[in-house]
Amino acid sequence: MQLALINGKPVEAFPRGKASCPMCGAVMLAKCGPRVLHHWAHEGRRDCDPWWENETEWHREWKSHFPVSCREVSHTTPNGEIHRADIKTPSGIYIEVQHSDMTDAERISREKFYQNLIWIVDGRSFSGNFDLYHMLPDPNSKMAADLVWVPARRGMHGANEGLFWRRSENPDVAQGTGSMVRINSSNSFSSIRDDVMANYTGHQQYDWVRPRNTWLNADCPVYVDFGDDWLFRLEQYGQSPLRCVFRVAKRKFLRDVMVETRSVDVATRFYPIGATAFGSQTDRAE
């Protein structure tokens, strides 16, 4: 735990410090060894929140982008259940920053508990199994409505560069009454590159080898962080079964979660973005 209470105020751990837990009131002792991330721990007992995981520098960095008042915020349901969210924004969005693996049961429990929730998943450990491929046009565009993309997979070089067929040219296939259309070079991404780029808003094909399936099945938005200035939100592409990611600048994400009231609305609108921890320019469409 990063913060505990001294005289009712949240403070970070300091050598030989003693404080109280903001959730259960138990005594907290500071852990400040030279090789240990400074934190508070319950004296003689496990953390009072069973969902809490040991913090990493990655956790701490994410929390540092928010005011202290937004960090480690307790939430109580009408039936008295209490848990401590990593982050709660002033607009009412809960953010859970997740480094370790998670079972479906725990993910579902947290989503039902917080409801207005965003997951940020540490993707650094599986970045070698996560391949980003070609851009996709805005799924709500007229162009996208006519195109059916072949799913990208590691080792499928043609599909990874972008292969598609047109519904307008294959009405029987589009209606599910014909045989599969043959894909040829005229249906390559390169043939419509300029049009795709003109309709591009951040969607890309990807392949996740040995995926952590619980995140593919999540009901709340899931953003994967690979450690740079971007996040990748896991999505389905429009009304199709094709999986894709939506690229979001971290500076935009940090701006949106402080003003949007619903987790599903983050990164869906364009706003001017001023100076943040991730950059100083003004972005219109990131």
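Strand β15 contributes four residues to the lining of the largest pocket, the largest share from any element. The model examined here is predicted. The volume of this pocket is about 910 Å³. Its lining comprises 41 residues, of which Pro139, Glu235, Gln236, Tyr237 and Gly238 are the closest to the pocket centre. At least two lining residues are supplied by each of α3 (142–146), β11 (147–149), β13 (200–208), α7, β15 (230–236) and β16 (243–249). When the lining is divided by class, 23 residues are nonpolar, nine are polar and nine are charged.

The chain as a whole contains eight helices and 16 strands. Of its 286 residues, 47% count as buried. Considering contacts between residues at least 6 apart in sequence, 53% join residues at least 24 apart. The number of disulfides found in the model is zero. Two cysteines, Cys70 and Cys220, may be described individually: Cys70 is buried at 3% relative accessibility, and Cys220 is likewise buried, its relative accessible area being 10%.

Gln115 is located in the loop between α2 and β9, and its phi, near 65 degrees, is a positive value in a residue other than glycine. Because its relative accessibility of 60% is over the 50% cut-off, Gln115 counts as exposed. A positive phi in a non-glycine residue also occurs at Arg210, where the value is near 50 degrees. Arg210 is placed in the loop between β13 and α7 and is exposed, with a relative accessibility of 63%.

Arg210 is also among the contacts of Asn129. Asn129 belongs to the loop between β9 and β10 (130–137). Its relative accessible area is 19%, which is under the 20% cut-off, so Asn129 is classed as buried. When neighbours within four places in sequence are set aside, Asn129 is in contact with Arg154, Asp207, Trp208, Val209 and Arg210.

Apart from neighbours within four places in sequence, the contacts of Ile192 are with Met143, Leu147, Trp149, Phe164 and Arg166. Between Ile192 and Gly162 there are 10.0 Å from C-alpha to C-alpha, at a sequence separation of 30 residues.

Val266 is situated in the segment after α8 (250–256). With a relative accessibility of 0%, Val266 counts as buried. Residues up to four places away in sequence being excluded, Val266 touches Ile93, Ile118, Tyr223, Arg233, Phe253, Asp256, Val257 and Glu260. The C-alpha atoms of Val266 and Leu254 are 9.3 Å apart, and the two residues are separated by twelve residues in sequence.

Note on methods: Residues numbered from 1 in each chain as written. Predicted model: local features only at pLDDT ≥ 70, side-chain atom pairs only at ≥ 80, totals over all residues. Heavy atoms only, no water. Buried < 20%, exposed > 50% of the residue type's maximum accessible area, 1.4 Å probe, protein only. Contact = heavy atoms within 4.5 Å. 1 Å grid on protein atoms, 1.4 Å probe; cavity = no way out; pocket = protein on both sides within 12 Å on 5 of 7 lines; lining within 4 Å. Points joined across faces, edges and corners; volume = space filled by probe spheres on them. Nonpolar A, V, L, I, M, F, W, Y, C, P; charged D, E, K, R; others polar. Disulfide = S-S within 2.5 Å.
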